[in-house]
Amino acid sequence: MSKTKPRHGKSATKDRRAEAASKSALGKPAAATPAAPRPVGQRLFDMPFSSQVPSPVRPDLGLASLVARAGHNAGYDIDLTLLDAADHRLIRTGLLLAHRVLDGRGEWYLGAPDWVPLLPKELIIPMGQGELPDDLAELIRPFRRGAPLSPVAALRCERREFALRNGGGQTVALLRDDKVTVRRNGLTTARYREVMLTPVGPGLDAAQAEWLGQCLGAAGGTEIERFPRLVRRLGAPATGPSDLPSPATLTDGTFGQFLTQLLGAGVRDLIGGDLALTAGAPGATDRLIASAGILRSRLEGLRPVLGTDWVDDVVEDLDWLVAPVTAPLVAGSAASSRWPGATPDSDDRAALGGPGTYVEPSAPPAEPDGYRARMRSLRYLSLLERLVAAARAPKTGADATQPAAEGVEALYAVATARFARAADRLAVGGTAQTWATAWSAAQDLSRSAVIRALVDREQTAKDLERLGPAFALLERAYLADREAAGTLEGIDELTPAAAFEAGRMFERDQVTSRTVRSEFVTRWPKTRRKLG
């Protein structure tokens, strides 16, 4: 990450002023971090943009004066340009990337409250060159996936702050008034106004609070529990579904929605491992490998639905991604994945709240090597893009509109029936190919069970417990047949002694195969009855 230095004098005063402004932004908290409690008695109002609020001064109620705040709490205007791909993939996934100007000073801003602790809630970098800094480009890489960035919206926020004082000159409440104009493609598409009333010091009594509510209501204000997130103010396509959905109850909805959730969550976990590596988090490599392994097993279980060729290609890339490397992964880095410096209650609206605190990770990550080098490759980004595309619109080989549980059960039933038919045809003297086919069907059933366990874990565990011994015998028979076939390869080219030894090994393999086959054939009828 870029090194940042504290600033002093006039610039530092501006930072403190804007930092205080950003710290009071409220909205949906980050999923991984509890929201800071709202100050007692704080009230939020959605106001008409151009309405005139009656004077709240009422000396008879102890509200003697209303004064504009000064110093680092003074009002300001801030211009912000949101950058994203044409399909708004960053915003829809919970990231806000922007360039903003405050007091003539340009800054790059990244807000990612939904991805804490893998990403900072807020990261601000002074603007140098016009190009996106490498620091930010690295963080958004798996979300951007190579898509070109361009301005998608321009926002101007006019913030004014006032102090409401009693007869003794004590401040009893703060009034913040934000007017925001949204422009897209050169046209004003939205204007909104948010007013926040916060009791401080002695606070407000019931009569004072009621009077202030009446003043704001008379100007057309509507008291609300929470301000809408900035993406809601932007409208479509920013409000579209995320490419990387958070985990949800998989059985609620259709089979098509089940596939979307499953694939989307798999990509989300994979990117989580990527970000952990980038941050130098302890155990990041294990997390990446585990995420890739889980996604791989689920894709294998969905072969009949997603298509064998597509699954083969993706599985090949997943295997490449986590294949062992000889270079050190994150040399000497024990950096925490939690980012310091962000305010506990910040959200995507904080982009309009001033510069906040310049932050950097507690230790810089090592230079790219090993797994991290693969994360920067076009092959990896292409893998993510294919998975996201499949999650957005899965090409199912089944009825995507049927209930999720029914679709999964149908998939499992087909695999069970195929295995049962293959096992029914087995005999001790059967061909190696017949036994290999049964073993392949057993593997397919095991893969299908991975998917079925997501909707009925208990019954799936019982089924696998019953089938476990049969699967083990089939594997032993398959391996013995394969060893026997391998022993005879090239036997004509061996010396007599070597050929004699190979013949003995072949006989041992044949004995093992017959013994295991006999045991399977003896046990299978009982196991078959338990399958129903």
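Colleague: Which residues are buried in α7?
Modeller: Ala-284, Thr-285, Leu-288, Ser-291, Ala-292, Leu-295, Leu-299, Glu-300 and Gly-301 are buried in α7. Buried means under 20% relative accessible area, exposed means over 50%, and partly exposed is in between, with a 1.4 Å probe and protein chains only. This is a predicted model, where local features need pLDDT of at least 70, side-chain atom pairs count only at pLDDT 80 or more, and totals for chains, interfaces and linings use all residues. Residues are numbered from 1 along each chain as its sequence is written, and side-chain values use heavy atoms, with hydrogens and water left out.

Colleague: How many residues does helix α7 have, and how far does it reach?
Modeller: Helix α7 covers residues 284–301, which is 18 residues, and reaches 26 Å from its first C-alpha to its last. That is close to the 26 Å expected at 1.5 Å a residue. The expected span is 1.5 Å times one less than the number of residues in the helix.

Colleague: How many helices and strands are in the chain?
Modeller: The chain has 15 helices and 10 strands. Both are DSSP runs numbered from the N terminus: helices are H or I with at least four residues, strands are E with at least two.

Colleague: And what share of the chain is buried?
Modeller: Of its 532 residues, 47% count as buried. The accessible surface of the chain is about 24500 Å², and 54% of that belongs to carbon and sulfur atoms. Those areas come from the Shrake-Rupley method with a 1.4 Å probe; for residues, only the protein chains shown count as cover.

Colleague: What does Asp-274 touch?
Modeller: Setting aside neighbours within four places in sequence, Asp-274 is in contact with Arg-141, Pro-142, Leu-288, Met-375 and Tyr-380. Contact means heavy atoms within 4.5 Å. Asp-274 lies in helix α6 and counts as buried at 0% relative accessibility. Leu-288, one of those contacts, is among the buried residues of α7.

Colleague: How many aromatic pairs are there?
Modeller: The structure holds 7 aromatic pairs. In one of them, the rings of Phe-255 and Phe-258 have their centres 6.0 Å apart and their planes at 10 degrees, so that pair is stacked. Rings of Phe, Tyr and Trp (its six-membered ring) pair if their centres lie within 6.5 Å; planes under 30 degrees apart count as stacked, over 60 as edge-to-face and the rest as tilted.

Colleague: Where do Phe-255 and Phe-258 sit relative to each other in helix α6?
Modeller: They are 3 residues apart in helix α6 (residues 255–279), about one helical turn. An α-helix has 3.6 residues a turn, so residues three or four places apart point the same way. Phe-255 is buried at 1% relative accessibility, and Phe-258 is buried at 0%.

Colleague: What about Trp-435 and Phe-520, stacked or edge-to-face?
Modeller: Edge-to-face, because the ring centres of Trp-435 and Phe-520 are 5.6 Å apart with the planes at 70 degrees. Trp-435 is in helix α13 (residues 432–452) and Phe-520 in helix α15 (residues 496–531), so the pair ties together parts 85 residues apart in sequence. Trp-435 is buried at 1% relative accessible area, and Phe-520 is buried at 2%.

Colleague: Which charged ends sit over rings?
Modeller: The charged end of Arg-58 sits over the ring of Trp-211, 4.7 Å from its centre. The charged end of Lys-179 sits over the ring of Phe-49, 5.7 Å from its centre. The rule is NZ of Lys or CZ of Arg within 6 Å of the ring centre and within 35 degrees of the ring normal.

Colleague: How many disulfides?
Modeller: The structure holds 0 disulfides, counting a disulfide as a pair of cysteine sulfur atoms within 2.5 Å. Cys-157 is buried at 1% relative accessible area, and Cys-215 is buried at 3%.

Colleague: Which peptide bonds are cis?
Modeller: The bond from Val-116 to Pro-117 is cis, with omega near 10 degrees, and Pro-117 lies in the loop between β5 (105–111) and β6 (122–126). The bond from Ala-236 to Pro-237 is cis too, with omega near 0 degrees. Pro-237 is in the loop between α5 (230–234) and α6.

Colleague: Last one: is Asn-185 buried or exposed?
Modeller: Asn-185 is exposed, with a relative accessible area of 82%. Asn-185 sits in the loop between β8 (171–184) and β9 (187–199) and has a positive phi of about 55 degrees although it is not a glycine.
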